[in-house]
Amino acid sequence: MIIGLDTGGTHVDAVLIDNKQIIDTAKYPTDKTNLLGCIWETIEQLMKGNDIKKIEKINLSTTISTNAIVENKTQPVAMFIESGPGLSPSNFACGDYNVFLEGYIDHRGREIKPINIAQVKKELKSISDKNINSAAIVCKFCTRNPMHEKQITDMLISNGFQPVTAGHTLSGKLNFPRRIYTSYLNSAVSSSFMEFSTAIKKACSTKGLEVPIHILKADGGTINLNDSEKHPVQTILSGPAASVMGCLAMTDSNADSIFLDIGGTTTDISFTADGVPLFEPEGITISNYPTLVRAIHSTSIGLGGDSAVVVSKEGNIKIGPERKGPPIALGGTIPTPTDAMIALGLMHIGNSQKAKGAMADIGKKLNISPLQAAQKIYDTFGSILKHNIDNILREINRHPVYTIHELLHGKKIKPRSMMIIGGPAKATAPIISKKLNLPYTVPHNYEITNAVGAALTRNTFELTLLADTERKILSVPEIGLYQHISSNYTLSNAKQDAAELIKTHVEKTGFGNQNVPIEITEENSFNMVRGFFVTGKNIRVSAQVKPGLIYKHPKPMEKGGAQID
């Protein structure tokens, strides 16, 4: 059995799947002040009456890292940036203390100017005085020679800094600014994520739930919880990824389509091209930081079933972007779209009389009946969503379209259908369909489809192969492989070896079928030159088990309960 769990802004959703059937589901209100408690309560609800010994693994999405960034609750970070000549390092300042190093490594990976150790030592004292314990170090071209990053990392660790993120460990790409910001964010969210990870492991251990735990990544794959502690930045936006994977599990469509996950607080909007999710291969931007975190393309807007509804001075309905508590029908004090839908008879939860009372209050301000007020809110909800979808689609079609599989040259996205999930999905689908003039699908279990996506997401494994043909050394740190190679070793050899090593690892660890699809995510090869002669090649290849689903369209369960399909 697999537990899939998705932590949203309003609810924690969970699902228990066994042999392609949903055995049970659970939903628990999100308390941001006690997120871990909410997660564990949800799991406990899910496990009532089920045999905990049959659990094989837990896949979960988490908002821990994302929330820490967007709510500016990250830990202070000292940044060490070595940009070399031609760039003003101050352009890349981020974090709480910036040290612009005087050293320089050129594009061939040669050390042109060593690090000024005295400068670093002097700065370390100033940083300690400010009580900053986290750090990140990024040197330009460090992916071709990480010597300076390693030097600084060793100094920082020996001086008690923890965590320390070295840019070359996050990505082999040469994008200097993105590597800086990604390294900064990785250290900035580390303590929050470690607290979450430690608590999850302790809670599971206490309950006798000794099973692998995986976290969804933004690219629609998963990462082992222990590995995610090193690179927590990979877990940002795992929630939208769970939504997309859930929708994918429910559809066989090969057409361009829209996926909408409508929650209580936000709506996540994503698209497919010929049935394949759009992708951001260069990396997502979060809180104005462009990163190297590859991700499924998704946009979150502040519009949900529980968004606050107000009437402006001009007599217009305004919805969101904030959620100010539950709907009035459920004990809140601010009217919401959910109240409107309850008043219209589209949702059957809470106290309908309170919902109608809320609509009456709005109707008075607009000089219309309560029912007309509810209909106006409902119609406005659809209009806002259409406006955002049109804008996002227009922006997507201005650029080359990437999917999780490939770059589609000249492709323009023209949605032919929609899949809508989330708590208000069934009630809102008709108005959204009318506004966009598109047919829609609301799958069974639409309220917990994101948790289904988390459960069915394939475990992935990534490795980085480094080959130095001058020194005739090949290394793959993730599996502890260090071996001799010939001076004729090529990029083609490296790509083939990386793929074979992943297959072997999958077979040995048994975490999946050895025939899982494998993709090369990064490849670099450049000459090393001494004097006027090429002395060898420095080759770097990253490969991974391709993100995706372990299966689609599970069979309907046979013994009652909800069905996936």
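I began with Asn288, which is exposed, with a relative accessible area of 73%. For my own reference, exposed is over 50% relative accessible area, buried is under 20%, and partly exposed is in between (1.4 Å probe, protein chains only).

A note on the source: this is a predicted model, where local features need pLDDT of at least 70, side-chain atom pairs count only at pLDDT 80 or more, and totals for chains, interfaces and linings use all residues. Residues are numbered from 1 along each chain as its sequence is written, and side-chain values use heavy atoms, with hydrogens and water left out.

**Entry: positive phi**

I looked up the backbone of Asn288 next and found phi near 70°, a positive value in a residue other than glycine. I noted this because most residues other than glycine have a negative phi. Asn288 sits in the loop between strand 17 (285-286) and strand 18 (289-290). My helices (H or I, at least four residues) and strands (E, at least two) are DSSP runs, numbered from the N terminus.

Asn437 also went on my page, with a positive phi near 55°. I found Asn437 in the loop between helix 12 (425-436) and strand 26 (440-441). Is Asn437 buried or exposed? It is exposed, at a relative accessible area of 66%.

**Entry: cis peptide bonds**

Most peptide bonds are trans. I wrote down the bond from Gln162 to Pro163 as cis, with omega near 0°. Pro163 belongs to the loop between helix 4 (147-158) and strand 10 (164-166). Gly320 and Pro321 are joined by a cis bond too, with omega about 5°. I located Pro321 in strand 22 (residues 317-323).

**Entry: aromatic rings**

My rule: rings of Phe, Tyr and Trp (its six-membered ring) pair if their centres lie within 6.5 Å; planes under 30 degrees apart are stacked, over 60 edge-to-face, and the rest tilted. How many aromatic pairs does this rule give? I got 4 aromatic pairs. In one of them, Tyr181 and Tyr289, the ring centres are 5.6 Å apart and the planes are at 45°, so the pair is tilted. Tyr181 lies in helix 5 (residues 176-188) and Tyr289 in strand 18, so the pair ties together parts 108 residues apart in sequence.

**Entry: a charge over a ring**

Last, I found the charged end of Lys20 over the ring of Tyr551, 5.1 Å from its centre. To count, NZ of Lys or CZ of Arg must be within 6 Å of the ring centre and within 35 degrees of the ring normal.
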